[in-house]
Amino acid sequence: MRRSTRARRSSGNARSKRLLAVVGTLVVFGGVVAVTQISSAQDRRTNKPRPAAGQCVEPSPGSTAPTGSSTSRTWQNGRWVRNHWGDGQQTIPECEDGKDGTVGTGTAIACPDVTAKLPQVPARARAEVDRNLAQLQSQIAEADRRLAAEGNKGEAFIRSAILQPLRDKRRAVLDRITSAIDRVGPRPQGLAQLADCQVQPTGNTGGNNGGNNGGGNNGGGNTGGNNGGGNNNGGNNGGNAPGAGLGVLANDCDESRLQPHDGFQIGNRCVSTEFGEVGAAANNPSLLITQFPDQVGRNQAFTLRVSTRNLVRDRFLAAGQGGYYVESSLLNAQGLVRGHFHTACRMLDSLTTPPEPQEVPAFFVATEDGRGGAQPDEVTIQIPGLPEAGTAQCSVWAGDGSHRLPMMERANQTPAFDSVRIDVN
């Protein structure tokens, strides 16, 4: 085996692996445009009529959650973490039913976060542990579906027919995780206490309602993005700047031969939305992938742990529904960027030449949970598996509310992104 345990891997090797992965990472920023097949079926802005059901199209690969919804939830450390698959692209049923796939004010099954409570998992137990973690997620999704269908039968029914059976199934899986780790390392303690789940209101923290209704779909696409932003403030005033001795070729779309950008993921357009607010250097976002597997099997579920700093994860304008590049970057009262972060995994055809930027990644999701701040905290990303053998490049990068990389005070600051490579056998 090339790697026996994570503990044996030196910090130098880890750094080398991370630096090698960075070589092609920024290409994915442009490739996000190709993540979603956009059609008029997903246009939900109020100034356009709703299309007929027959216009709905299949989502692109990797753009929907394993449960078949465009938005999935996990309960982590006392709050809901929302994963927007395909950056807001809808499944055909959601499109035909007129649903937006976002979390409303209903209820859902909330279970303790097992991944966050695990010790360092030995490499020899990782595959079995990941399989069981994926089974825990499947159990929650099934209980969620039953709650949605039969939750109106009362608390006694929910407790006896949904929560108690779920607890028993989780106990069995938690026992298997404990045994898998115990065979090759220190026995984890207290996992059995994570079996009980409860029903929690899903609510909205401002990320979905504020993003889709206020900024992106109703107001942002026409008013803020194309007509007002660049011409008055950015164009006329900024055009007199010396441009470091080179002059300024353009800073608005007045002379562009391209069509105006309309909030959807289409290239060969000119974006006139102003860049917006940039924070002080000490408040600029950063992030790190803190835990990842070295090797996984094909279609084997695994997890990434991501820690962010100075990123308030409360702003998400669905790119698949017209919220792309339509809102300027915004800071909160503490001067921190409001937005979310993206996670993508793609298979590398070569380790010596950059990947094709337009290819759709095998996995892609945008995450916002209403948390994040000046102090670092962690979010766990559940990846249902990668279908091909080879070397996967898994990358995480911050985005403001409209999916741009957050701006930084200085040019020599590293953007808020990280990338690792994982062998898929």
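Here is a short chat about a predicted model of one protein chain.

Me: Hi! How many helices and strands are there in the protein chain?
Reply: The chain has seven helices and 15 strands. Of its 425 residues, 48% are buried.

Me: And what share of the contacts with a separation of 6 or more comes from residues 24 or more positions apart?
Reply: Those residues account for 78% of such contacts.

Me: Let's look at helix H6. What should it span, and how far apart are its end C-alpha atoms?
Reply: H6 covers residues 155–184, so at 1.5 Å a residue its 30 residues should span 44 Å. The end C-alpha atoms are 42 Å apart, which agrees.

Me: Where does H6 bend?
Reply: The bend is at Leu163, by about 30°, and Pro165 follows within four residues.

Me: Changing topic: how many salt bridges does a search of the whole structure find?
Reply: Twelve. One of them pairs Asp377 with Arg313, with the closest N and O atoms 2.9 Å apart. That pair links distant parts of the chain, 64 residues apart: Asp377 is in strand E13, and Arg313 is in the loop between E10 and E11.

Me: Is Arg313 buried or exposed?
Reply: Arg313 is buried, at 0% relative accessible area, while Asp377 is partly exposed at 22%.

Me: Which residue does Arg315 meet in a salt bridge?
Reply: Glu327, at 2.5 Å from N to O. Both partners sit in the loop between E10 and E11, twelve residues apart. Arg315 counts as buried because its relative accessible area, 9%, is under 20%. Glu327 is buried too, at 11%.

Notes. Residues numbered from 1 in each chain as written. Predicted model: local features only at pLDDT ≥ 70, side-chain atom pairs only at ≥ 80, totals over all residues. Heavy atoms only, no water. Helix = DSSP H or I, 4+ residues; strand = E, 2+ residues; numbered from the N terminus. Expected span 1.5 Å × (residues − 1). Bend = angle between axes of the 7 residues up to and from the residue. Buried < 20%, exposed > 50% of the residue type's maximum accessible area, 1.4 Å probe, protein only. Contact = heavy atoms within 4.5 Å. Salt bridge = Lys/Arg side-chain N within 4 Å of Asp/Glu carboxyl O.
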